Amino acid sequence: MTVAGPSPRPAADGLAVRAAPAGRLRDPLQPWGRSEILPETLPQARPDAVAPAAPSPDSVAEQQAAVLDARLRDADPLEILQAASDLYGDQLALVSSFGAESAVLLHLASRVRPQIPVLFLDTGMLFGQTLDYRKQLAARLGLTDVRDLRPRFQDLAVGDPDARLWKTDTDACCNIRKVMPLDRALAGFEGWVTGRKRFHGGDRLRLAVVEASEGKLKFNPLANWDKADLDAYLALHDLPAHPLVAQGFPSIGCWPCTNPVEDGEDVRSGRWAGQGKTECGIHVARAHVAPPNVGGDI
Ligand code: SF4
C-alpha cells in the first residue's frame, strides 16, 4: 500500500494534474486545449451530406471512463481523487454511508477538497449510531457540505405507508429510500465518487477505478485497497471507527437489513443475510424496479 503525504499534487500525468479553466469541464479524451479548435478551421461538411448520428451520453461516458481507468487503475487513491476533482470541480459529488470503512475515503476527500458535496442517504432506517457518527466525523474532518438525502414523503405514503416494505420487498424499499433520492441528487452533478472496494467480493470483484454509470463518470479510488490498507490508513491518521464495528458489524446499512458477522465471514455477508440480495441498487443499472406512481417533490 502507498499512503501518500499531505495533499500532494499527483505525479506528472497531463490529464490528472492540470486544472480546467474556471467554469469549464475538461474533455478526458483530449489534453486540455486541443479540443478548442476554432469553428472556421474545421473541415466544412458538404451541403448534401447526411450528418452522422451524435453519440449517446452513455457511449461518450463509457469512452471517457475507459481512457481514465487505463490511466488511473494503479494510481494511489489520493491521486485518483485529485484527478476527479481537477476534472469536475464543483460538479463532483461523493456518496458515503458513514459506515464501517467510510472514514478512509472521507478523510482522503477532505485533503483534496473539503467543500466537496457529500451525499448521505438517510433512509429513515439507519442505526442511531450511524447518525451520530455522521455528525461527529463530518465535523472532525472539516467537511463543509454534507447533504442528508431523504425519501420523498409521497413515495413513502404510496409505497411504504407503514414502514414495513423491507419485510416483503427489499428491492422496492431500497428503490424508494436509496435509489430515487440519490438519482435526484446526482442530477446536479457530472461525476461522483464511491467507497467500493474489490475485496468486498461479489460483483465488486471486477470493480474498475473509473466506470460509466447512467451517462456520468463514477470514481472508485479505493477499488485496489484491501482491509489491511484501510486499517493502516485509519491508524496512521487516528480516525474514529464507527461504533458498531466493535460489535461485529464490518459493513453497516439500515438496521432491519444488517446483521453482525462472525470472524472470517465475508465483509458484506451480514447485509440482507439469507436473501440473495447483495446490493441496494444505487450501483446497478436503473429502471429495474418501477417507482411508485406519485407526483413531484414536496
Ligand atoms: S437496506 Fe433494508 S431498510 Fe434500508 S432501504 Fe434497503 S430494504 Fe429498506
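The stops below cover confidence, the sheet, a helix packed on the sheet, and the ligand.

Residues are numbered from 1 along each chain as its sequence is written. The model is predicted: local features require pLDDT of at least 70 and side-chain atom pairs count only at pLDDT 80 or more, while totals for chains, interfaces and linings use all residues.

**Confidence.** Colour the protein chain by pLDDT, the predictor's confidence in each residue, from 0 to 100. The chain has a mean of 82, and 78% of its residues reach 70 or more. Select residues 1–24, where pLDDT stays under 50. Next select residues 31–43, where the pLDDT is also below 50. Where pLDDT is low, the predicted coordinates should not be read in detail.

**The sheet.** Show the strands (DSSP runs of E, at least two residues) and helices (runs of H or I, at least four) numbered from the N terminus. Strands count as paired if DSSP finds at least two bridges between them.

Select β2 (residues 118–121) and β3 (residues 146–149), which run parallel and are joined by 4 bridges. Phe120 has Asp148 in β3 as its bridge partner.

Contact means C-beta atoms, placed from the backbone, within 7 Å.

**The ligand.** Which residues are closest to the ligand? Among the 13 surrounding residues, they are Thr170, Cys173, Cys174, Cys254 and Cys257; a residue is near if its C-beta atom, placed from the backbone, lies within 6 Å. Helix α8 (residues 170–186) gives the largest share of this shell, 5 residues.

Note on methods:
Contact = placed C-beta atoms within 7 Å.
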